[in-house]
Amino acid sequence: RSVKITKSAIMKTNVSRVDLQRAMLSNMMIVEADLSEAVLDGLKADGIMLMKANFGRRDLRSLTLARCNLANSNLAGVNLAGVDLTSCLFLGADLSQANLQAVRAPMAMFAKANLQQANLSEATLSMANFTEAGLVDADLSGARLDMSVFQSADARAAKFDRANLQYALLEHTRLDGASLAETRLDRTSLHCASLEGALTLGACG
């Protein structure tokens, strides 16, 4: 079975055990929802606001979350590998240690998000915005990051090996100890970026 819910608002309501299996959500606002134990398998959400939601450390690979607003949500340790996150907004969200491997997230907004030790390898992140994001020890190896913005981000010890950073903006970015081996850096702006101890073996651009 599946349920379609649209044009609704749920504010500070206890939905910790709600069953949204295979539900289709659109044009909704859900604020401060605890979804750590909710049944979410096969959930399809398009353009909904899920601000300050708590997802717990769970497997969310069966979800579709395109164009959703997840600002300030707790997504620490979640598994979103391969999920469609196109144009999602993660402003100020906690994605530390999250598995975002091979996600499709072009034009996504990660400004001021915590992505420490997150796995973003092989992800499609063209034109994504990581302004002032925390990316310490994050893995972005093999990711498509062309035309992305990392202005004033903290990416110390992050891995960008084989990533495509063409036309990306990394001004004032902390890249100390980062690995940029075989990274595409054509027309990449590194103005005032900190690269102390960074490995750039085979980087081109």
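Biologist: Leaving aside neighbours within four places in sequence, which residues is Gln-166 in contact with?

Modeller: Asp-146, Met-147, Arg-184, Asp-186 and Thr-188; contact here means heavy atoms within 4.5 Å. This is a predicted model, where local features need pLDDT of at least 70 and side-chain atom pairs count only at pLDDT 80 or more, while totals for chains, interfaces and linings use all residues. Residues are numbered from 1 along each chain as its sequence is written, and side-chain values use heavy atoms, with hydrogens and water left out.

Biologist: Why is Gln-166 called buried?

Modeller: Its relative accessible area is 19%, and buried means under 20%, exposed over 50%, partly exposed in between (1.4 Å probe, protein chains only). So Gln-166 falls on the buried side.

Biologist: And what makes Met-147 partly exposed?

Modeller: Met-147 has 45% relative accessibility, so it counts as partly exposed. Met-147 also belongs to a nonpolar surface patch with Met-107, Met-127 and Tyr-167, about 430 Å² of accessible area together. Those areas come from the Shrake-Rupley method with a 1.4 Å probe, and for residues only the protein chains shown count as cover.

Biologist: What makes that a patch?

Modeller: Members need over 30% relative accessible area and no salt bridge; nonpolar side chains (Val, Leu, Ile, Met, Phe, Trp, Tyr) are joined within 5 Å, like charges within 9 Å.

Biologist: How do you know that Arg-67 and Asp-46 form a salt bridge?

Modeller: Their closest N and O atoms are 3.0 Å apart, and the rule asks for a side-chain nitrogen of Lys or Arg within 4 Å of a carboxyl oxygen of Asp or Glu. Arg-67 lies in the segment after S3 and Asp-46 in strand S3, so the pair ties together parts 21 residues apart in sequence. Strands (E, at least two residues) and helices (H or I, at least four) are DSSP runs, numbered from the N terminus.

Biologist: How many salt bridges does a search of the whole structure find?

Modeller: Seven, including Asp-59 with Arg-61 at 2.6 Å, N to O, and Asp-154 with Arg-156 at 2.8 Å.

Biologist: Where is confidence lowest, and where highest?

Modeller: Lowest in strand S1 (residues 4-11), at a mean pLDDT of 77, and highest in S3, at 91. pLDDT is the predictor's confidence in each residue, from 0 to 100.
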